[in-house]
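Here are a few notes to read with the structure open beside you. Take the points one at a time and find each spot as you go.

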Amino acid sequence: MRCRMVEGKIIKFYREKAGITQGQLVGGICSVTHLSKIERGITEYSEEITYLVSKKLKISLEDEKERYEMLRQKLNLWHEALVMQETKESERLKSEIENDIFIELQDFQVFYQLLLARYYLSQHKLDSALVIIKELQKKETSFSPQDRNMLKHVQGIYYFLTGKYRDCIQILISIDQSQYNQYEYYYHLALAYHTVQANIISYYYAEKVLDYFQKTLNIKRVIDTEMIMIIQLNSKEHHDFIETKERYEQLIRTCDIILDIGRKSKLLHNLAFELYRRKKYKEAADFYQQAMNITDESATHYLTGLDGYISTCYKGNLLSKERLMELANKGLKLANSTNSTLWISFQLQLYQLNEEEDKYYQFIESTVLPHLNHIGYNMLIKHYEKKLFHYYVKKGELQKGLEFAHSYMQEKKRTLDDE
């Protein structure tokens, strides 16, 4: 019956494209009522009728049915390419799909728009993605369960990329797993829970999605997921460093094999941070530098590496104050030119290097904490509230300090509740 329905849709599509009425198409072939039922796929009909109608439309119905099914396959392949993060393949399929006349058919529109939003998110074109998301939300009650849950998944990715981590978690946990077969959303849940410092839940979802990525031979996403798992193991206390370093080095070798410089840079950065936490400043600086050397300066990840490198060299007394100031100013300039919120980190670095203590803490209170509260970055919120507590106690402003101590303890309680 599906084949019959497809034939009817194809006939209707080409009839409307030719700008002719049902009566004009079927004169001498069959009744208008019969054609209407054929186009809606609610009646049986002879091959002779479809042959005569197709001839009049100057199409081969068999060829067009093949084109229809091919487009369906291409949309699925595009989805797979987006999940696999195969950029070139994704671009190729997007171009082919956009040039296919059948993409205008209603059958493909919802899935196509969902994939297009997902594509824009992968390109960090967040405004373009949001326009599509809002349009889809207006019609979501008519969607299939699969499409409705996919919209939630796309929304979750959008929330994460815009720093709305709590919203990301809420929308993703509302996905009906029994009606949605794309388990990749577990990865985005793991990432969001990691960002709000719910480490046990983050590890749980990472472990679940790791199995999915391994079964689907998605090597890039296996690397991403194992990276999250290593971070969770080291989140509350220092995990066995020999094992941690070996796991990072194994993933770095995998990146070399698949020629993935971007992921290699992130792994080098994360390994540098683990060394920094253990006060191994010289080794940490070396790994930060390796990460930056293979990263384009326009990339956000370059800025996070530069921020880490400055902090490491400052703590380890590895560079002169003048050189550190030069690097911090470079970071501030790059962050501002790319509209990155990392300008906040470099401004903090400059206040610290200039030994402007009052400006440093005022900036934390007026700018840093509001930003971190907005994005829900619990770990850094607690870090800076603790610094403000000690600063105000040192200044003799005990009541002010206690306000931050109370806030710090409340946030700690909420984090434990999340766990």
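1. Which residues do ring pairs link into a cluster? They are Tyr180, Tyr183, Tyr185, Tyr186, Tyr187, Tyr193, Tyr204, Tyr205, Tyr212 and Phe213. Keep in mind that this is a predicted model.

2. Now for the aromatic pairs in general: the count comes to 26. Take Phe13 and Tyr14 as one of them: their ring centres are 5.2 Å apart and the planes meet at 85°, which is over the 60 degrees needed, so we call this pair edge-to-face. Phe13 and Tyr14 are both buried.

3. Back in the cluster, have a look at Tyr185 and Tyr186. Here the centres sit 4.8 Å apart with the planes at 40°, so this pair is tilted. Tyr185 has a relative accessible area of 4%, so it counts as buried. Tyr186 is buried too, with a relative accessible area of 4%.

4. Some rings have a charge over them. Arg221 lies over the face of Tyr187, 4.7 Å from the ring centre, and Tyr187 is one of the cluster residues. Arg67 does this with Phe102, at 5.8 Å from the ring centre.

5. Finally, check two backbone angles. Lys279 isn't a glycine, yet its phi is positive, near 65°. You'll find Lys279 in the loop between helix H15 (261-277) and helix H16 (281-293), and it is exposed, with a relative accessible area of 61%. Glu355 also has a positive phi, about 60°, without being a glycine. Its place is the loop between helix H19 (343-353) and helix H20 (357-375). Is Glu355 buried or exposed? At 65% relative accessibility, Glu355 counts as exposed.

Key
Residues numbered from 1 in each chain as written. Predicted model: local features only at pLDDT ≥ 70, side-chain atom pairs only at ≥ 80, totals over all residues. Heavy atoms only, no water. Phe/Tyr/Trp six-rings, centres within 6.5 Å; stacked < 30°, edge-to-face > 60°. Buried < 20%, exposed > 50% of the residue type's maximum accessible area, 1.4 Å probe, protein only. Lys NZ or Arg CZ within 6 Å of the ring centre and 35° of its normal. Helix = DSSP H or I, 4+ residues; strand = E, 2+ residues; numbered from the N terminus.
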